Amino acid sequence: MYSTKEKNDNDKDDLLLRMGLNDNKAGMEGLDKEKINKIIMDATKGSKYYGNELKKEKQVNQRIKNMMQQKAQINSQQLRKAQLQVDKFAMELEQGRDLNNTIVHVDMDAFYAAVEMRDNPELKDKPIAVGSMSMLSTSNYIARRFGVRAAMPGFIAKRLCPQLIIVPPNFDKYRAVSKEVKEILADYDPNFMAVSLDEAYLNITKHLQERQNWPEDKRKYFVKTENAIENGIAPNTMLAKVCSDKNKPNGQYQILPNRQAVMGFIKDLPIRKVSGIGKVTEKMLKALGIITCTELYQQRALLSLLFSETSWHYFLHISLGLGSTHLARDGERKSMSVERTFSEISKAEEQYSLCQELCSELAQDLQKEKLKGRTVTIKLKNVNFEVKTRASTVSSVVSTAEEIFAIAKELLRTEIDADFPRPLRLRLMDRRDRWIGRTQRNRRAIKLFSSKKIKPNNPRYTLDIFFK
């Protein structure tokens with residue numbers, strides 16, 4: 001049995017893994033991890049944020065416990081059978097390896113902060129972050145030297161760096177700058193895939209072939225913006241994204257298009273560096289002794305017995321250095337959203353009113369793009385940082401404000417009724433709808449944000465609507 005002290009120490013260690021300094025992030029190398037983690041723990045202990053993080057960590061620990069119990073029941077015969085099946089699949093993947101494309105992942109580093117510093121030069125030599133006291137979207141490199149990072153509550157960031165300047169986000173401005181950069185990207189790949197305002201994938205295979213006959217002055221790359229841009233160049237999207245993180249800020253890294261180069265790069269790569277493997281998955285894999293991509297491959301049979309087919313397939317792709325070479329055009333993307341920042345609201349009529357307002361904004365965007373959808377998803381975060389997701393699929397497509405609100409309202413009503421007689425106190429509301437575009441073969445998606453300004457002294461919360 002564990003003593004109370006041992007249990008508390010274990011809880012603290014678990015929370016540090018979730019909330020503490022991640023010194024794998026660009027700009028955070030060589031920091032005093034122990035000092036920063038102590039400030040983070042002191043700043044959060046006793047808060048609702050701390051309580052919710054602790055609750056989530058206990059849930060992860062229970063998942064790990066269940067997984068280890070399942071592992072203990074696996075016999076050698078099951079493992080051998082799984083090994084044969086997984087190896088057969090690995091051979092099929094290997095036979096389909098495509099090294100004929102040159103994929104570039106473009107990442108505008110600390111994008112929102114960079115735009116704010118461009119527009120206000122007085123901020124350039126100061127630690128700044130974009131976001132609110134509730135949550136930060138990004139931070140500049142000066143702030144990162146204090147341990148301030150994206151997805152960190154602003155109140156923690158201020159304890160780490162008291163002189164930190166938190167700038168409210170201005171998405172209209174960020175969209176305008178993003179548009180400038182995307183106009184440049186289109187010169188190299190008209191069918192590039194924009195993932196967000198500050199991130200995109202390009203397939204420049206055709207461009208590289210064409211430019212061989214260009215005069216030298218035309219071959220020069222140039223960027224009209226003042227933002228730092230990182231490029232990862234590789235045979236597929238998975239590797240390109242990892243590469244773009246290698247030489248930040250404002251750097252470039254390339255993996256040559258041959259199997260030896262790919263496997264050499266993957267060999268000692270920490271699994272956490274790969275997009276799609278977050279803190280939870282990292283911790284579960286670490287419980288199995290898996291830290292690098294090589295270890296991910298070595299345990300492939302066991303993983304196929306412990307994880308879902310989708311998950312272990314993805315793990316196998318990663319361990320072989322495989323990823324997509326197909327870039328989904330805008331016509332194939334699946335989400336549209338509207339975001340609104342607001343102070344905490346607990347009155348049902350105000351929540352319905354805000355929901356209706358956002359549904360109207362979303363409907364305008366959908367109609368502008370001539371899109372329709374079937375599944376509306378609402379995501380709610382309450383004042384205790386607890387997140388709930390609810391969805392509803394209808395038989396016929398919808399696109400008008402009235403149609404979308406009719407579905408979203410019922411989803412919201414369910415959550416309000418569930419909390420009755422206590423009021424539902426919201427920090428974040430998020431709607432998502434899976435949708436059909438102009439035709440089944442030419443679906444179009446875009447993700448939009450609309451921000452409402454709040455007085456600086458007010459606590460800031462977020463509401464999103466996502467439409468798919």
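Eight aromatic pairs turn up in this structure, which is a predicted model. A handy thing to know as you look around: a pair of aromatic rings is described by the distance of the centres and the angle of the planes. Let's walk through some examples.

**A tilted pair**
- Tyr 253 and Phe 265 make a tilted aromatic pair, with 5.8 Å from centre to centre and 40° between the planes.
- This pair connects distant parts of the chain, since Tyr 253 belongs to strand E8 (residues 252–254) while Phe 265 belongs to helix H12 (residues 259–267), 12 residues apart.
- Is Phe 265 buried or exposed? Phe 265 counts as buried because its relative accessible area is 12%, and buried means under 20%.
- Tyr 253 has a relative accessible area of 28%, so this residue is partly exposed.

**An edge-to-face pair**
- Phe 307 and Phe 315 also form an aromatic pair, and this one is edge-to-face: the planes stand at 85° and the centres are 5.3 Å apart.
- Both Phe 307 and Phe 315 are buried.

**A cluster of rings**
- Which residues form one aromatic cluster? Look for Phe 111, Tyr 112, Phe 171 and Tyr 174, which come together in one cluster.

How values were computed: Residues are numbered from 1 along each chain as its sequence is written. This is a predicted model: local features need pLDDT of at least 70, side-chain atom pairs count only at pLDDT 80 or more; totals for chains, interfaces and linings use all residues. Side-chain values use heavy atoms; hydrogens and water are left out. Rings of Phe, Tyr and Trp (its six-membered ring) pair if their centres lie within 6.5 Å; planes under 30 degrees apart count as stacked, over 60 as edge-to-face and the rest as tilted. Helices (H or I, at least four residues) and strands (E, at least two) are DSSP runs, numbered from the N terminus. Buried means under 20% relative accessible area, exposed over 50%, partly exposed in between (1.4 Å probe, protein chains only).
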